[in-house]
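Look over the sequence and the model before reading on. The notes below go from the whole chain to single residues.

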Amino acid sequence: MASHQHSYRAGETKGQTKEKTGQAMETMKEKAEAAKEKTSQTAQAAKDKTSETAQAAKEKASETTQAGGEKMGAAKDKSYEGAHGAADRAQEKKEETGGYLHEKLEQAKGMATGSAQYARDTAEAGKDKTAGMIQQAGAQVKSMAQGATDAVKQTLGMGENKDTTTTDSTSID
């Protein structure tokens with residue numbers, strides 16, 4: 001009768017262990033999916049930000065080019081009006097405008113590059129974090145399963161006896 005009850009308890013423990021392991025696996029699966037979704041959203045947001053920054057840089061470059069063209073036109077008109085001094089001033093304005101345009105274009109390129117690098121770094125960090133969470137979850141599930149196995153073995157009397165001192169109760173007096 002004791003063996004039957006012992007077997008029943010072992011089966012009950014095994015069933016509870018399976019249920020808890022299943023719940024832990026489901027929880028880890030949900031966490032992994034949530035992390036994956038968050039990483040995807042972060043990468044998409046970074047991509048959108050990069051696209052917006054690039055578009056803004058293009059618009060700024062276009063505006064700068066147009067403004068530079070207007071300045072060059074005004075400088076050209078002045079050169080026709082006056083003598084040699086007016087022509088020199090116009091040339092200086094033209095060079096300033098070209099330098100200004102070049103500087104603004106380089107700034108726009110720098111901003112776009114920075115945004116793209118930020119997007120890459122953010123996506124990489126999210127990916128690393130997700131991998132770490134999944135690895136940690138696997139280790140937890142493995143540990144829980146080992147604990148459950150040890151509990152079942154102990155219940156069935158198959159576990160390793162960790163007590164080094166044994167007493168022989170069957171000795172004949």
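What share of the contacts in the protein with a separation of 6 or more comes from residues 24 or more positions apart? Such residues account for 83% of those contacts. The model is predicted, and the points below describe the protein as it stands in that model.

**Overall make-up**

- The protein contains two helices and zero strands.
- Helix α1 covers residues 2-81, and helix α2 covers residues 84-156.
- Of the 173 residues in the protein, 15% are buried.
- The accessible surface comes to about 13,600 Å², and carbon and sulfur atoms supply 53% of that area.

- K104 lies in helix α2.
- K104 and A57 are 47 residues apart along the chain, and their C-alpha atoms are separated by 8.9 Å.
- A61 belongs to helix α1.
- A61 and E106 are 45 residues apart along the chain, with 9.6 Å between their C-alpha atoms.

- K104 has a relative accessibility of 22%. Buried means under 20% and exposed means over 50%, so K104 counts as partly exposed.
- A61 has a relative accessible area of 21%.

**A charged patch on the surface**

- Which residues form a negative surface patch? The patch is made up of D88, E92, E95 and E96.
- E95, one of the residues in this patch, is found in helix α2.
- E95 has a relative accessible area of 54%. The cut-off for exposed is over 50%, so E95 is classed as exposed.

**Points to keep**

- The protein has two helices and zero strands, and 83% of its contacts with a separation of 6 or more join residues 24 or more positions apart.

Definitions and conventions
Residues numbered from 1 in each chain as written. Predicted model: local features only at pLDDT ≥ 70, side-chain atom pairs only at ≥ 80, totals over all residues. Heavy atoms only, no water. Helix = DSSP H or I, 4+ residues; strand = E, 2+ residues; numbered from the N terminus. Buried < 20%, exposed > 50% of the residue type's maximum accessible area, 1.4 Å probe, protein only. Contact = heavy atoms within 4.5 Å. Areas by Shrake-Rupley, 256 points an atom, 1.4 Å probe, with all protein chains shown as cover. Patch = residues over 30% accessible without salt bridge, like charges linked within 9 Å, V, L, I, M, F, W, Y side chains within 5 Å. Salt bridge = Lys/Arg side-chain N within 4 Å of Asp/Glu carboxyl O. Lys, Arg positive; Asp, Glu negative; His and termini not counted. Charge placed at Lys NZ, Arg CZ, Asp CG, Glu CD.
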